[in-house]
Amino acid sequence: MAASSVFLAVLLVALQLLHVAHGEIKTTPIASDSRPVILFEEFGFKPGGVAEVSVSDVSWSVPEGSQLQAVDPGLMGFMLISNTLFFKITNESEYAEETGAAFCPLTSEYVMPLFRLKDVGPDGKGKGTVIIPAADQYTVLFSSCQDGVEVTMDVRTEMYNLVGGNGRDYLPVGLLPLPGIFAVASAVYFAFLAGWLFVCVRQRATAERIHAVMGALLLFKALKLACAAEDSWYVERTGTAHGWDVAFYVFGFFKGILLFTVIVLIGTGWSFLKPYLQVRARM
């Protein structure tokens with residue numbers, strides 16, 4: 001009964017904090033974790049989509065002082081839940097608490113089980129796959145219905161929609177337009193940069209160094225959006241960003257610095273840092 005209450009509390013808070021994932025293939029290490037529920041991934045599926053979860057180096061232990069005498073690996077496992085059915089699981093948990101019965105999410109009729117730890121082989125590896133019957137947002141969770149059991153494992157999640165027969169699309173349904181949107185936005189900023197450079201060259205007699213800083217700001221913004229487009233494109237086709245996410249954050253860092261600098265310069269009438277930006281003496 002206490003475990004079901006903790007499960008509901010953690011689940012509701014986690015759902016509020018969980019951001020929309022990009023559908024990447026992810027490996028998450030879990031070390032001596034005794035939480036009753038662990039959220040791994042949320043993904044928007046089409047009918048026929050596939051969710052795969054595999055684990056390696058699985059082990060569990062009971063901490064000293066625990067009242068639990070033995071660990072039942074059948075009460076720990078992975079499941080997939082449609083976000084529209086969370087309220088029904090909540091109703092099941094509340095009814096079990098009112099009647100004094102035990103509630104374990106793994107036994108609910110509203111979840112799609114992947115596998116339980118009792119199915120893990122002697123080598124500490126296990127895997128489960130689910131074919132999605134209906135389009136919706138789904139969440140992969142690990143649930144432990146035994147209080148205090150500490151679990152250690154490496155979890156690999158891979159979720160995708162099938163396209164063109166055997167093709168895989170690793171972006172959730174709601175994020176499929178992202179590569180095109182980022183690419184168009186990047187092209188627009190590059191066009192702005194070209195126009196800005198054209199004006200600065202034509203008006204170079206009155207151009208100041210702050211105008212060069214503004215041009216650099218446009219450049220880094222355009223490069224950031226271009227990296228975002230490449231990142232989304234690679235994630236969509238391969239499930240990994242291939243380093244484009246690093247370039248995205250690097251260009252975003254420099255863009256933020258330049259944006260702050262330009263705002264400060266304009267807001268202070270160029271008085272701040274003016275001796276370093278303006279060659280001519282102050283009037």
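**Close-up views of a predicted model**

The structure holds 1 disulfide (a pair of cysteine sulfur atoms within 2.5 Å). This is a predicted model, in which local features need pLDDT of at least 70 and side-chain atom pairs count only at pLDDT 80 or more, while totals for chains, interfaces and linings use all residues. Residues are numbered from 1 along each chain as its sequence is written, and side-chain values use heavy atoms, with hydrogens and water left out.

**View A. The disulfide of C104 and C145.** Here C104 is joined to C145, with an S to S distance of 1.9 Å. The link is right-handed, with 80 degrees about the S-S bond. C104 sits in the loop between α2 (86-99) and β5 (111-116), and C145 in the loop between β7 (136-144) and β8 (150-163), so the pair ties together parts that are 41 residues apart in sequence. Helices (H or I, at least four residues) and strands (E, at least two) are DSSP runs, numbered from the N terminus.

View B. C104 has 10% relative accessibility and counts as buried, a term for under 20% relative accessible area (1.4 Å probe, protein chains only). C200 is buried too, at 18%, and C227 is buried at 4%.

**View C. Helix α3 and its cover.** Helix α3 (residues 178-202) has 25 residues, which at 1.5 Å a residue should span 36 Å, and its end C-alpha atoms are 36 Å apart, in agreement. That expected span is 1.5 Å times one less than the number of residues. Buried in α3 are L178, P179, S186, L193 and C200. What covers these buried residues includes α4 (209-238).

Notes:
Buried means under 20% relative accessible area, exposed over 50%, partly exposed in between (1.4 Å probe, protein chains only). Contact means heavy atoms within 4.5 Å.
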